[in-house]
Amino acid sequence: MMAVGGGDADGWVCMMVAAGACWWWLSVVVAVNCETKRKMNTTPKGCETKRKRSVGSTVSHQATAFVLHMENSKFNCLYPMTTFCEVNFRLRLVKLSLSASKLRDLDIASKSDPMAVVYAKKRDGRLDEIGRTEVIMNNLNPAWIGKISIAFQFEIVQPLLFRVYDVDTKYHNIPVKMLKLEDQDFLGEASCVLSEIVTKQNRTLTLKLHNNYGLRVSRNFGILSVHAEETVASKSAVEIAFRCSYLQNVDLFSKSDPFLRISRIVESGNSVPIYKTEVINNNLNPIWRPITLSMQQFVSKENPLIIECFDFNTSGNHVLMGFSISVISKIQKSVGDLEKLHQERTGATFMLPSTQRGHDKVLKSQLFVEKFVEQEQYSFLDYISSGFELNFMVAVDFTASNGNPRNPNSLHYIDPSGRLNSYQQAITEIGEVIQFYDSDRRFPAWGFGGKTFDGTVSHCFNLNGRAGSFEVDGVEGIMAAYASALNNVSLAGPTLFGQVINTAARIAGQSLSYDRSKYFVLLIITDGVLTDLQETKDALVRASDLPLSILIVGVGGADFTQMEILDADNGRRLESSTDRVATRDIVQFVPMREVHSGQISVVQALLEELPGQFLTYMRCRDIKPLNVQMAQTCA
């Protein structure tokens, strides 16, 4: 994924949050990614320089510019390193609707007057109240109208607690937020994880109410139903393909490496970056992959749009080759104008910005709209709630550099006190999140770099030790197989990823012949420097066409520079030994030591890009949610 200038990114996120625009696939995941990695002291390449000097501002630029005002903006066909408009997933709002049946009747002369209260359970056991419904009079089967809003965060487990109270008649004139719950009669409670709700077909989960002592006694406390809805204003989107001609050459020894950055102008006059294309190397007449823009990105059809063309530099000092802003005339171009450019096959001329107002130089460079298609955009939860799944897989490093597992200093040491080592922690925390998106919870688990029972070094062996089966049951099964393997496998080496990635890719590829609703997630945990870097690149480039994402956790104190190369956060897609370029970014890497020293967890750091990678694959192959597919088939 491409990095964003620190000033632009941070300001943009702040403005979006302040405006209440909490749409994940609409905000700049890339910007959040840079900020996240800064907090972990692992700023990706390309972020460092731009954090000091925001692109398009204090850096000296040669520029060509093109003024546009977009009218009917829409979604983004998330090509990995290109998306500026993958919305920050962690800001996605979900509204919960509650109903109950067969509640206990605690009133003498009438029926109970129920109200529901929703809490978020914290890791330390605290309960944070999220919201309350209204009180419904004399009803044992209430369907509350009031909705409870909660930010859905894919990358963490979000335990919820629901409590139902009978509100005493004398408190009926008091606003529900002011009610003291200790003065009300307790009717029952139930708990679940938010992921359990959104992964259900129709996003509705039914729970049995029980007492608040944690005892599931036979007494009937009633039933609670929870339904989740996304707060999406519109699913409308437009797919646009841009190309440029006769761009300025700002490189000395080669041609420019152009990319486009698209920004929206807000009421304050500042610009909000919303999308960045991929880099086209050594080309003054580039044709970019189609992008998709969502309606929410531009808020209304009248909001102006800036399109800037930069020459990519690995230092982060990207040279501005062209930009657009309405400076002189009042003529505003809209999405309708873009569509007209496409229909008439005409181009819009770039300008060279000047320090003197009104003296911008018109250049020969032009921007063309090669494709313009209106479409409908589906969200991550649209796919998941229709039956799509994330299938979890794990690969563990058994090379000798981890140290003797019996030595307390070993990265593989299993502490009798129950304290988890880095391998166990990564398996547990990531598995606990993804398991809710895998219906059978049978996970393939492998080891690599170890000497198995037959005395040979294997770079992809079944973690459970069974010759015919590599699957284990649940996260607990992975942990048990890992502990058992430490007693039966000798640590060896070297560190090779190729075979494990190829095995996972083969499983993902085979699934396409019978089920396109599965997306695979491979977690690789390693302590060492790769010996097969080019083979790994080749495997990743091949796998980029498949429904597969790869999460890599680095443990210990090794130099993980190679892993940063695999995680294409510097804006350059991986290339194979045959010069084939990856179709999308499928790798996310984070070193465990940096995560521990920061304020963000390994789970959040690794999983934040996963929904975007999932959507990139589905959208760019025009794979729709299962219920949409069924409806179209029936029609």
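**Helix α10**

I checked the length of helix α10 (residues 498-511): at 1.5 Å a residue its 14 residues should span 20 Å, and the end C-alpha atoms are 20 Å apart, which agrees. The expected span is 1.5 Å times one less than the number of residues. Helices here are DSSP runs of H or I with at least four residues, strands are runs of E with at least two, and both are numbered from the N terminus.

This is a predicted model, in which local features need pLDDT of at least 70 and side-chain atom pairs count only at pLDDT 80 or more, while totals for chains, interfaces and linings use all residues. Residues are numbered from 1 along each chain as its sequence is written, and side-chain values use heavy atoms, with hydrogens and water left out.

**Helix α8**

I ran the length check on α8: its 13 residues should span 18 Å at 1.5 Å a residue, and the end C-alpha atoms are 18 Å apart, which agrees. In α8, 12 of the 13 residues are buried, so the helix is largely enclosed by the rest of the structure. Among the buried residues of α8 are Tyr423, Ile427, Glu429 and Ile434.

**Largest pocket**

I looked up the largest pocket and got a volume of about 540 Å³. Its lining has 18 residues, and Lys121, Arg123, Ile156, Val157 and Pro159 are the closest to the centre. Two or more lining residues come from each of β3 (114-121), β4 (127-132), α8 (422-434) and α14 (602-607). The most comes from α8, with 3 residues.

The search used a 1 Å grid over the protein atoms alone: a cavity is a set of points where a 1.4 Å probe fits but cannot get out, a pocket is an open set with protein on both sides within 12 Å along at least five of seven lines, and lining residues have an atom within 4 Å of a point. Points are joined across faces, edges and corners, and a volume is the space filled by probe spheres set on them.

By class the pocket lining divides into 8 nonpolar, 4 polar and 6 charged residues. Ala, Val, Leu, Ile, Met, Phe, Trp, Tyr, Cys and Pro count as nonpolar, Asp, Glu, Lys and Arg as charged, and the others, Gly among them, as polar.

I then looked at Arg123, which is in the loop between β3 and β4. Arg123 is exposed, with a relative accessible area of 82%. Arg123 and Val157 are 34 residues apart in sequence, and their C-alpha atoms are 9.9 Å apart in space.

**Cavities**

I found 5 cavities of 30 Å³ or more in the whole structure.

Ser263 stands opposite Pro273 in β12. The two strands form a hairpin with 5 residues between them, and Gly269 in the turn has a positive phi of about 95°. In β12 (residues 271-276), 5 of the 6 residues are buried, so the strand is largely enclosed by the rest of the structure.

Definitions and conventions. Buried means under 20% relative accessible area, exposed over 50%, partly exposed in between (1.4 Å probe, protein chains only). Two strands pair if DSSP finds at least two bridges between them.
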